[in-house]
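Here is a short briefing on one protein model. Keep the sequence and the 3D view open as you read.

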Amino acid sequence: MNFTRWSARLPGTQRRAAVRSDRGGSPQAPPAPGSAVPTAREEPPEPFETPPPAGSPGGRPAARELLARDVLDQVPGLVAVVHGPEHRIAYVNDAYTTVFGDRSLGGPARELLPELTELGLLPLMDQVLRSGKPRTLKARRARGLSRSGHYTFTCTPVELSPADGPEGKPHTDGAATLAATGTASGPPPDGASPGSTSPGSTSPGSTSPGGTAPGSAPGGTASAGGDGQPDGARDRAAARAVLRAAGAADRRPARPGSPRKGVMVFATDVTDQVEAAERLRTSERRQRETAVTLQRSLLPQKLEQPDDLRVAATYQPGGTDEAVGGDWYDVITLGAGRTALVIGDVMGRGVRAAAVMGQLRTAVRAYARLDLPPHEVLQLLDGLAAEIDPNQIATCLYAVHDPNENRLVHASAGHLPIIVRDADGTVHRAAEPTGPPLGTGGWVHTSGSVPLEPGATAVLYTDGLVERRDADIDDGVSALEQALAGADGTPQAVCDRLIRALGVTADHDDDVAVLVLQHPARTGHDAELFHNAALDLLGGVEAAPRARAFASGVLTSWRFPTELHDLGVLAASELVANSLQHGIPPMRLRLRRTDRRLIVEVTDGDDHLPRRRRAEPADESGRGISIIATIASSWGSRRTPGGGKAVWCEFALPDSCRTPYP
């Protein structure tokens, strides 16, 4: 279909033709008979075309008749026009001089526009001049006369009119050129020939005796013309071609009629935007610092250091926004030398995730007080997580280290496996299956174990350490194993090295928590501070005096003070008597000393845990546990994995016993 022909019949086309007729334009000629295409519409004149006389049809002023200099002088942006390889100044507007002061025209920008040099704009202007493509320098701070501000500078290539004056001589005064050089790009006025000058006007390139053009004041500022008007006809004709006329200030001779290349520098004041952006960044930074402070306050402020382990942890928040994550870790001393180690991750980010994390961490510490097996702790946490928020899930790994067995007994709820490096450098991961995350319900968790001999190192971590968007998570775990194989030093040094090896930086997109524990291999004097002694309690009531004699001999060999020696023997006697009365075989007495405490523990085959109760004056029994609670620093009981129970108590060592004895 011929849309050109059909468009002539549309109502909009008829209205536009009527408007053009009202403005004095030539109406569109009707199509010739038999012609399929209507006559083309009249093309509009060029922007700098000489306007028709005021009395002629169509003499109403149009937007294209605005003077270039009038426009540039009125814009709030800073404008400077330069030309030539030396970037000689052809024009600066009033806004530019208000900020940076008056500038002389005709000289190189390197000398007369030092602010552009300080901002590094001259090389950018060279690029614009060579490539003919605009360049922008955003939000740079510039020092002005009255104040400093931020400006965005845009350098745009422009073409200037021919630079030759009469007889091929180049212009030498930029001010005169700006005010009086050049002609309009349209046809000359009636009665004038191309290249001629009207009466009272100055020929292109001519100057007055003072070195200034007629109609211009010294220093390049336009003044009243010969007709007494502030902006005479001569200046108006030149200003309409100011960008083309500015090229005449180049001192180098140019081929007559050839255009000159220049650069227009336009600066926009963006101080308010920069300050607003800085205030926003400051506000976001403070919000993030508050969020991170909240997150860290929910984590342990200082890790407990067990007697038999060396522990360190690192937490690094992910991202740069104010949303916090739900990663957490904890170290809990259970008593009798046993230690619980916990690490978890609540899915999602934000205050809600952090709140759920804080509640789960508190619950873990409460359940740990019960000294339950790891899988039972996770079973309780599973139900609690569903009650806290049914839509929130979390992963968790709970492990218990027993120095008497040199193993980590652990259970996992959807968490990543433990990585262990043995004393010989072999690295392996816990192979036991893991259950679903907390909060899913309907799953019976189980416990597994992994050896942790003296000299071994174990790493517990969250998925932010090993998970990447462009790689499988198993590849990340393998990379962690390789990094752990070469990570030596203290637990904190191992943490830092793993963080660096896995490429975790400040702008990492996920939270990262790492918990490293080492079971040091003690030799020399340190080994003298750690001893174990055990006695199987066989027979009936005669086992009690044997237990007392055994405890007395061991504590004497460990050279404890008399008071501590007597308290230890009394505690062993009471615990053995309680086991003989309420427990069943097999029974065992274990004495253990560390560099900080003495531990007395009795195990038997009965799984009924003792409770402290108030004995009446007439009761003949029931005072044993009360005596233990009174003389010991702490005491407790737990069920053993194979059935039965263990009852223990601890005594803090005096400072004199915390150094190796000779």
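In which loop is D371 found? D371 sits in the loop between α12 (351–368) and α13 (374–388). The model is predicted.

- Most residues other than glycine have a negative phi, and most peptide bonds are trans.
- D371 has a positive phi of about 55°, although it is not a glycine.
- D371 is also buried, because its relative accessible area is 7% and the cut-off for buried is under 20%.
- H87 is not a glycine either, and its phi is positive, at about 55°.
- H87 belongs to the loop between β1 (78–83) and β2 (88–92).
- With a relative accessible area of 4%, H87 is buried.
- P585 and P586 are joined by a cis peptide bond, with omega at about 0°.
- P586 lies in the loop between α17 and β17.

**The open sheet of five strands**

- Strands of a sheet pair through backbone hydrogen bonds, either parallel or antiparallel.
- What is the order of the five strands in the open sheet? The order is β16-β17-β18-β20-β19, and the pairing is antiparallel.
- The edges are β16 (531–537) and β19 (634–639). Each has a single partner strand, so one side of each is left without a neighbour in the sheet.
- On average, neighbouring strands of this sheet are turned by 15° against each other, direction ignored.
- Look at strand β17 (residues 587–593) and strand β18 (residues 597–604): six bridges join them, and they run antiparallel.

- Helix α16 (residues 543–557) lies across β16, β17 and β18. The helix runs at about 170° to β16.
- Two packed helices are described by the angle between their axes and the distance between the axes.
- The partner here is helix α17 (residues 562–582), whose axis comes within 9 Å of the axis of α16. The two axes cross at roughly 155°.
- Angles over 145 degrees count as roughly antiparallel, so α16 is roughly antiparallel to α17.
- The crossing of α16 past α17 is right-handed.
- Which residues of α16 meet α17? They are A543, A544, A547, R548, A551, S552, L555 and T556.
- On the α17 side, the residues in contact are H565, G568, V569, A572, S573, V576 and L580.

- Strand β9 (residues 394–402) pairs with β10 in the antiparallel sense, over seven bridges.
- C396 stands opposite A413 in β10.
- The hairpin of β9 and β10 has four residues between the strands. In this hairpin, N406 takes a positive phi near 55°.
- β10 is also joined to strand β13 (residues 448–451) by four bridges, and these two run antiparallel.
- The bridge partner of H410 in β13 is G448.

**Strands β6 and β15**

- Is strand β6 (residues 310–316) mostly covered or mostly uncovered? β6 is mostly covered, with six of its seven residues buried.
- β6 pairs with strand β15 (residues 512–519) in the antiparallel sense, over seven bridges.
- A312 has V516 as its bridge partner in β15.

**Cysteines**

- How many disulfides does the structure hold? The structure holds zero disulfides.
- C155 is buried, with a relative accessible area of 0%.
- C495 is buried too, with a relative accessible area of 0%.

**An exposed residue in a helix**

- T98 lies in helix α4 (residues 94–100).
- Is T98 buried or exposed? T98 is exposed, because its relative accessible area is 58% and the cut-off for exposed is over 50%.
- T98 and L145 are 47 residues apart in sequence. In space, their C-alpha atoms are 8.0 Å apart.

Key
Residues numbered from 1 in each chain as written. Predicted model: local features only at pLDDT ≥ 70, side-chain atom pairs only at ≥ 80, totals over all residues. Heavy atoms only, no water. Pairing = 2+ DSSP bridges. Axes fitted to C-alpha atoms, helices over the stretch in contact; angles between N-to-C directions. Contact = heavy atoms within 4.5 Å. Disulfide = S-S within 2.5 Å. Buried < 20%, exposed > 50% of the residue type's maximum accessible area, 1.4 Å probe, protein only. Parallel < 35°, antiparallel > 145°, perpendicular 65-115°, else oblique. Left-handed = near helix turned anticlockwise from the far one by under 90°.
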